[in-house]
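Welcome! Here is a short briefing to read alongside the sequence and the 3D view.

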Amino acid sequence: MSDIAQRIAENIAEVRCRIAETAARCGRSARDITMVAVTKYVGVAEARAVAEAGCRVLGESRPQQLWEKAEALKDRPVAWHMIGHIQRNKVRRTLPLATLIESVDSMRLLETIDAEAASLGQTASILLEVNVSGEQAKHGFAPEAVEPLLEQIAACRNIRVGGLMGMAGWGGTQEDARRDFAALRQLRERLRPNCPREIVLDDLSMGMSGDFPAAIAEGATIVRIGSALFEGISR
Ligand SMILES: *Cc1c(COP(=O)(O)O)cnc(C)c1O
């Protein structure tokens with residue numbers, strides 16, 4: 001194994017260990033937490049090392065990068081999550097390659113995904129991205145915008161909503177991050193009683209390299225880890 005692959009494998013083991021420790025401390029099972037290995041900082045060779053170190057779910061924030069890496073790694077048993085903003089004209093090519101689009105941030109995008117999924121004869125699994133920190137630079141539905149859209153979302157027959165995705169505000173403390181994650185969980189609890197039965201809100205995708213313990217404490221079922229996996233390798 002190359003030094004780089006070795007280092008990546010060690011970093012992955014360390015993050016997995018921290019996820020397990022945090023879960024245990026919160027009385028949760030690490031098996032209920034999926035780590036998405038975010039490969040946006042690295043090339044195909046390093047992404048391959050991530051897959052070969054046992055990661056089964058990889059994530060990209062740019063569609064073209066997802067297309068390229070998914071194509072290059074199609075011999076590996078990995079699933080891809082789209083985690084970044086996606087323009088509507090990139091949906092058609094992304095749908096067959098991504099098992100989950102975590103970053104659905106507008107009704108227009110959702111309707112495009114529904115229509116493209118229908119024409120491809122598939123159902124698209126998605127999360128609704130919510131801008132819990134309220135920062136202008138962040139994508140996502142405003143928290144209060146979600147509830148009034150639930151019926152309209154449920155009417156999209158080729159979409160399966162599995163939950164919510166969010167990010168903590170930039171540059172805050174762990175407590176600030178935890179407050180944002182709590183807000184996403186509380187939104188989910190508020191939505192649940194009135195949720196059409198087509199919509200499932202089991203997944204909470206939240207937490208990145210710098211704040212995943214706070215996210216796990218607030219109930220994250222998916223954490224998206226990038227930079228921590230590539231510490232110590234030049235890129
Ligand atoms: C880059 C990115 C991540 C991973 O961030 P790190 O801090 O590098 O772990 C997670 N989620 C989204 C949406 C991202 O764009």
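**Helix α5 and a tour of the model**

Helix α5 covers residues 107-120, which makes 14 residues. From its first C-alpha to its last it reaches 20 Å, close to the 20 Å expected at 1.5 Å a residue. Please keep in mind that this is a predicted model.

**Around helix α5**

- The buried residues in α5 are M107, L109, L110, T112, I113, D114 and A117.

**Around the ligand**

- Which residues are around the ligand? They are K40, Y41, S61, I83, M167, M208, S209, R224, I225, G226 and S227.
- In the side chain of K40, an N or O atom is 2.7 Å from an oxygen atom of the ligand.
- Y41 places a polar side-chain atom 2.5 Å from an oxygen atom of the ligand.
- With R224, the ligand atom is a nitrogen, and it is 2.8 Å from an N or O atom in the side chain of R224.
- Taken alone, the ligand exposes 390 Å², and the protein buries 90% of that.

**The cysteines C17 and C55**

- How many disulfides does the structure hold? The number is zero.
- C17 is in no disulfide, and the nearest cysteine sulfur to it, that of C55, is 14 Å away.
- Seen from C55, the closest cysteine sulfur is in C17, and because the two sulfurs are 14 Å apart, they are too far for a bond.
- A disulfide needs cysteine sulfur atoms within 2.5 Å of each other.
- Is C17 buried or partly exposed? C17 counts as partly exposed because its relative accessibility is 41%.
- C55, with a relative accessible area of 0%, is buried.

- You can find T39 in the loop between β1 (34-38) and α2 (44-52).
- T39 has 0% relative accessibility, so it counts as buried.
- Leaving out residues up to four places away in sequence, T39 touches A47, V50, L58, G59, E60, K69, W80 and F230.
- T39 and S2 are 37 residues apart in sequence, and their C-alpha atoms are 18 Å apart in space.

- L97 has its place in the loop between α4 and β4.
- Is L97 buried or partly exposed? L97 counts as partly exposed because its relative accessibility is 30%.
- Residues up to four places away in sequence aside, L97 touches L66, W67, A70 and W80.
- One of these partners, L66, is 31 residues from L97 in sequence and 8.0 Å from it in space, C-alpha to C-alpha.
- W80 is touched by L97, and W80 is also among the residues that T39 touches.

Note on methods: Residues are numbered from 1 along each chain as its sequence is written. This is a predicted model: local features need pLDDT of at least 70, side-chain atom pairs count only at pLDDT 80 or more; totals for chains, interfaces and linings use all residues. Side-chain values use heavy atoms; hydrogens and water are left out. Helices (H or I, at least four residues) and strands (E, at least two) are DSSP runs, numbered from the N terminus. The expected span of a helix is 1.5 Å times one less than its number of residues. Buried means under 20% relative accessible area, exposed over 50%, partly exposed in between (1.4 Å probe, protein chains only). A residue is near a molecule or strand if one of its heavy atoms lies within 4 Å of it. A polar contact is a pair of N or O atoms within 3.5 Å; within protein, one must be able to donate a hydrogen and the other to accept it, and residues adjacent in sequence count only if both atoms are side-chain atoms. Accessible areas come from the Shrake-Rupley method with a 1.4 Å probe; for residues, only the protein chains shown count as cover. Contact means heavy atoms within 4.5 Å.
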